[in-house]
Amino acid sequence: MLELILGKYNYWIIVVLMMTGLYIVVARGNLVKKIIGLNVFQTSVFLFYISLAKVTGGTAPILTGKDETFSNPLPHVLILTAIVVSIATTALGLAIVVRIREAYDTIEEDEIHEMERVDLASDREGREP
Amino acid sequence: MTAGLIPSVMPHLPILQVVVPMLAAPLCFLMRRGTVIWGFTTLVTWAAFATSLALLQATLADGTIRYEIGGWAPPWGIEYVVDATNAAVLVIVSGIAAVVMPFARRSVEAEIPANQHGLFYTAFLLCLAGLLGVTITGDAFNVFVFLEISSLSTYALVAAGAGMDRRALSAAYNYLILGTIGATFFVIGVGMLYMVTGTLNIVDLSERVPALQDNRTVHVAFAFLVVGLGLKLAVFPLHTWLPNAYAYAPSVATAFLAATSTKVSVYVLLRFLFMVFEPNYGFMAMTLDYVLLPLALVAMVAASVAAIHQYNIKRLLAYSSVAQLGYIVLGIAYGSVAGLTASILHLFNHALIKGALFMALGCVMLRVGDVTLRGVRGLGRQMPWTMAAFVIGGLSLIGVPLTVGFISKWHLIVAALGDGRWPIAAVIVGSSLLAVIYVWKVVEAAYLQDAPEGRVVREAPLSMLVPTWVLVLANIWFGVDADFTVEVARTAAMGLLRVTP
């Protein structure tokens, strides 16, 4: 049991982070907090890739001519790309939140839903745009 | 000069397919005048369409093309792989873009503020490049990167509808949250596959994963990939982002996205499900039978019922898209050559149907500015060509003979009956009857109700009618003479399942 917890501690950290992030996305009504949750969730995936590349006793993959074991650099490179994607997503998400604030005057999800219900009803009644 | 140019360009078509729209995108941003940007974008989409046709012809003649980027051979480099399946998807994506673009000029001028035109076309081309990249690449991680390029630009395209309706913003936000979760799930799955196989190349994966059918990590990777892609392609309970995104995006964006983006996700699902995992027994085969199949059936009925209750016609068609994606997933869940043929066929046919319908609605939006059932009252007489296009598209959606909708439903039902699953065939027919109801609601408003007093509406301009009718006639053409599309779909299905003819 102890081995299951300590021996695979990296996965436990990843799982906890992932669930925390997803929970924030689902449970929070504040649109900015949701994006932060999304960030936590994505970070767990970055850690997942990085930790799976670790080779026990391995060092940074720099060729020195000596006989050494190296960690696998490929997942690290991949995750650099994923970090860029994540930053772009965050930036775009926050930009949309700013626009939502301008259009609805709130960034609380339930209040926006309420206003959209009104919008949907006035579609039927023939509100002039 | 030209004689020497063509042979030297031919071997590089796979990379040009993606790089041309991608490099053209920032140029749009630099240009000032709306018409110039539009003309440039149109030329780029036509070039992309020509490239994809050449690729399809080359794959049908010579088989699979493998292109090593920068001369780096796999497993180190990324390779692009073009076979019958993705060549067909490339043709769908770039073909729809090439038809939508001539239509876009008037529609974009009417719906998007002038200072945002450059950004809109930039996002459009990036989305196109992303979708083409997802389709053509042979590297699992590269799929994720292109998926995010197309998704990020899609969120921007949806949000561009904010000038018309503020709900475009919250729709884009919801899509961003769910789309990102979907893409992240996908990348978790890819990471786990890399963990057990040590490769990201899809061809290599397809050689190593089937030997690991009972590996727990592979099972988890499978689950993450299916759920992640399910979010992207709007499988029934994961479809909630779709109706609002399609309803409030600008008409041009809706017509393009409805016809292409979910189709590309379906393609990725097909590729991973059948080429990499080969679900023949156990956990993965049960996922097809007990998860995807029931969800597809529920989607076909529930989304059609939801469509009947809509008042906004774009939203109505969006729910109908969820139902139609149910048909596609149904064919995938059969897991047989006949089922996959029907799925791939409907991929193409549904792109034609929804492209035509949403473009007809774009014409209504331009002239009336209202795409609800109230807005289309009396349009049957005031905009006869537009509404005729909508009616033919609607008949195709229902699956009336001589239209493409009939061809795909016929193949789906034959595939169901071939396995003796006649209750499924009954659900397909039942769901088509529901489609009759929601298409009729629009027809009734347009032809049987009178136009509001004093509303003067002219027919849509030719620059919009011609592209719409090109798709409408394609609906009829491929509905009458389906030999070619069925042949391509069957070749693709057999390629995916590795069945030799």
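Reader: How is the model numbered, and what limits apply to it as a prediction?

Author: Residues are numbered from 1 along each chain as its sequence is written, and chains are lettered from A and ligands numbered from 1 in the order in which they are written. Because this is a predicted model, local features need pLDDT of at least 70 and side-chain atom pairs count only at pLDDT 80 or more, while totals for chains, interfaces and linings use all residues.

Reader: Why is Ala234(B) called buried?

Author: A residue is buried if 20 or more other C-beta atoms, placed from the backbone, lie within 10 Å of its own, exposed if 12 or fewer, and partly exposed in between. Ala234(B) has 29 C-beta neighbours inside 10 Å, and therefore counts as buried. Ala234(B) is placed in the loop between α9 (216–233) and α10 (242–248) of chain B. Helices here are DSSP runs of H or I with at least four residues, numbered from the N terminus.

Reader: Which residues are in contact with Ala234(B), leaving aside its neighbours within four places in sequence?

Author: Two residues are in contact if their C-beta atoms, placed from the backbone, lie within 7 Å. For Ala234(B), the contacts beyond four places in sequence are His239(B), Leu242(B), Thr262(B), Val322(B) and Leu325(B).

Reader: How do you know whether Met300(B) is buried or exposed?

Author: Met300(B) has 26 other C-beta atoms within 10 Å, so it is buried. Met300(B) is found in helix α12 of chain B. Apart from neighbours within four places in sequence, Met300(B) is in contact with Ala323(B), Gly326(B), Tyr327(B), Val427(B) and Ser431(B).

Reader: What is the span of α3(A) set against?

Author: The expected span of a helix is 1.5 Å times one less than its number of residues. Helix α3(A), residues 31–52, has 22 residues and reaches 32 Å from its first C-alpha to its last, close to the 32 Å expected. Its buried residues include Leu38(A), Phe41(A) and Val45(A), and their cover includes α2 (9–27), α4 (73–104) and α5 (109–125) of chain A together with α7 of chain B.

Reader: How does the span of α18(B) stand against the expected one?

Author: Helix α18(B), residues 422–448, has 27 residues and reaches 37 Å, close to the 39 Å expected. Among its buried residues are Ile424(B), Ile428(B) and Ser431(B). The buried residues of α18(B) pack against α12 (282–308), α13, α15 (379–382), α16 (384–398) and α17 (404–418) of chain B.

Reader: Why is α11(B) called roughly parallel to α13(B)?

Author: Angles under 35 degrees count as roughly parallel, over 145 as roughly antiparallel, 65 to 115 as roughly perpendicular and the rest as oblique. Axes are lines fitted to C-alpha atoms, for helices over the stretch in contact, and angles run from 0 to 180 degrees between N-to-C directions. Helices α11(B) and α13(B) pack at about 20°, with their axes 12 Å apart. That angle makes α11(B) roughly parallel to α13(B).

Reader: What makes α6(B) and α7(B) roughly antiparallel?

Author: The axes of α6(B) and α7(B) come within 9 Å and cross at roughly 175°. That angle makes α6(B) roughly antiparallel to α7(B). By class, their contact has 18 nonpolar, 2 polar and 1 charged residues. Ala, Val, Leu, Ile, Met, Phe, Trp, Tyr, Cys and Pro count as nonpolar, Asp, Glu, Lys and Arg as charged, and the others, Gly among them, as polar.

Reader: How many residues of chain B are in contact with chain A, and which helix gives the largest share?

Author: In chain B, 26 residues are in contact with 30 residues of chain A. The largest share of this side of chain B, 13 residues, comes from α7(B). The residues on this side of chain B divide into 16 nonpolar, 6 polar and 4 charged.

Technical notes. Helices (H or I, at least four residues) and strands (E, at least two) are DSSP runs, numbered from the N terminus.
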